[in-house]
Amino acid sequence: MALVTGFWASKTLSTAHELQLFTCLSGTSGITIDECAAQYGMALRPAEMLLTACAALGLLERHGEHYANSPLSEEYLVRGKPLYFGGWIEMADRREYPAWMHLKDALRTNRPLTWDPDRQTSLFDGEDPTLLATFWEAMYALSITTSWVLAEAVDFSSIKKLLDVGGGGAANDITLCNRFPQLEATVYDLDFVCALTKKKIEQAGLADRIRLAEGDFLKDAKLPSGHDAILLSKILLDWAEADCMAIIGKCYDALPPGGRLIISDLLVDDSKDGPVDAALMSLNMLIETWGRNYTTAEYAAWLTSVGFVDIEVIRFDAPAANGAVIGHKR
């Protein structure tokens, strides 16, 4: 029953977010059922149902006759807050949810459903610019919370220069530079992503330690050199195995002897029967990309094949990753 009705909670959240309910309630004592009905032009019956459902999901809290934001909603669902997560909700609801309604087609055709590879050159080619900007904001919120766990789990204390390949938003770099004072980072990403990322770096006051390098890791023959570690955070799941191998090979070539490649992602178990979040994210890649979520054994084999040694696997629990696979260059 929980599996069948899972979309009920998702649509409740996305609809309340679309109504800007949580932003409207921020900094207030809350809203009554009557006030909700009047504000959104609803009858009392649906207004009561909406507020009750949001409270049951932990998105709102009831105090007397008023419904107010829960701490969770106040931190993540209020527009303008540092960890605002609404962009991901909006992107999932507008872009991914309709495609999931046709999952059977994706299974039969082995092609993305959210865009047309025959007409578009990239995943977001022709996408609504406003939605794209909101999406990158959401990716930042998702990445910043994950980066806190990554910084705890993986030792970056000996790394002086880090190249964050596909690191748009610089969430990992901001967290790591704040945590490790010796560290300097370079975000390597597409030009329009770098433009969005620059604002985040400046807001964090780290423009002197985090640099930007525009490029395309698929098309460019080489990655920027001069770094003693490279980070691939939630990157390889977007790409087919041959592309992953090519990216890993370019990382190896860009590193000096003794350098490290750190792959952080939602890793599928080697037995390929879980965990749930990685397995479902992998299925989401079917409707979005040419990739999937890979296992630690697959990553280890690819790293070894290009020359990396002493492969490490570090497990952790974060919103967008559950572990890191690390390879060392001789």
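The buried residues of α9 pack against α8 (129–153), β3 (161–165), β4 (184–189), α10 (191–203), β5 (210–214) and β6 (229–233). Packing here rests on contact, defined as heavy atoms within 4.5 Å. Helices (H or I, at least four residues) and strands (E, at least two) are DSSP runs, numbered from the N terminus. The model is predicted: local features need pLDDT of at least 70, side-chain atom pairs count only at pLDDT 80 or more, and totals for chains, interfaces and linings use all residues. Residues are numbered from 1 along each chain as its sequence is written, and side-chain values use heavy atoms, with hydrogens and water left out.

Helix α9 spans residues 171–179. Seven of its nine residues are buried, so the helix is largely enclosed by the rest of the structure. Buried means under 20% relative accessible area, exposed over 50%, and partly exposed in between (1.4 Å probe, protein chains only). The buried residues of α9 are Ala171, Asn172, Asp173, Ile174, Thr175, Leu176 and Cys177.

The protein is divided into domain 1 (6–76) and domain 2 (86–328). These bounds come from an automatic or database domain assignment. The C-alpha centres of domain 1 and domain 2 lie 34 Å apart. Six residues of domain 1 contact six residues of domain 2. About 600 Å² is buried between the two domains, with 62% given by carbon and sulfur atoms. Buried area is the accessible area (1.4 Å probe) that two parts lose on being put together, summed over both. Lys11, His17 and Tyr76 supply 62% of the area that domain 1 buries against domain 2, more than any other three residues.

One salt bridge is counted between domain 1 and domain 2. A salt bridge requires a side-chain nitrogen of Lys or Arg within 4 Å of a carboxyl oxygen of Asp or Glu. Aspartate 93 forms a salt bridge with lysine 11, and the closest N and O atoms are 2.7 Å apart.

Methionine 1 sits in the segment before α1 (6–18). Its relative accessible area is 73%, so methionine 1 is exposed. Met1, Phe7 and Trp8 make a nonpolar surface patch of about 400 Å². Patches are made of residues with over 30% relative accessible area and no salt bridge; like charges are joined within 9 Å, nonpolar side chains (Val, Leu, Ile, Met, Phe, Trp, Tyr) within 5 Å. Accessible areas come from the Shrake-Rupley method with a 1.4 Å probe; for residues, only the protein chains shown count as cover.

Arginine 45 lies in helix α4 (residues 44–56). Arginine 45 is exposed, at 63% relative accessibility.
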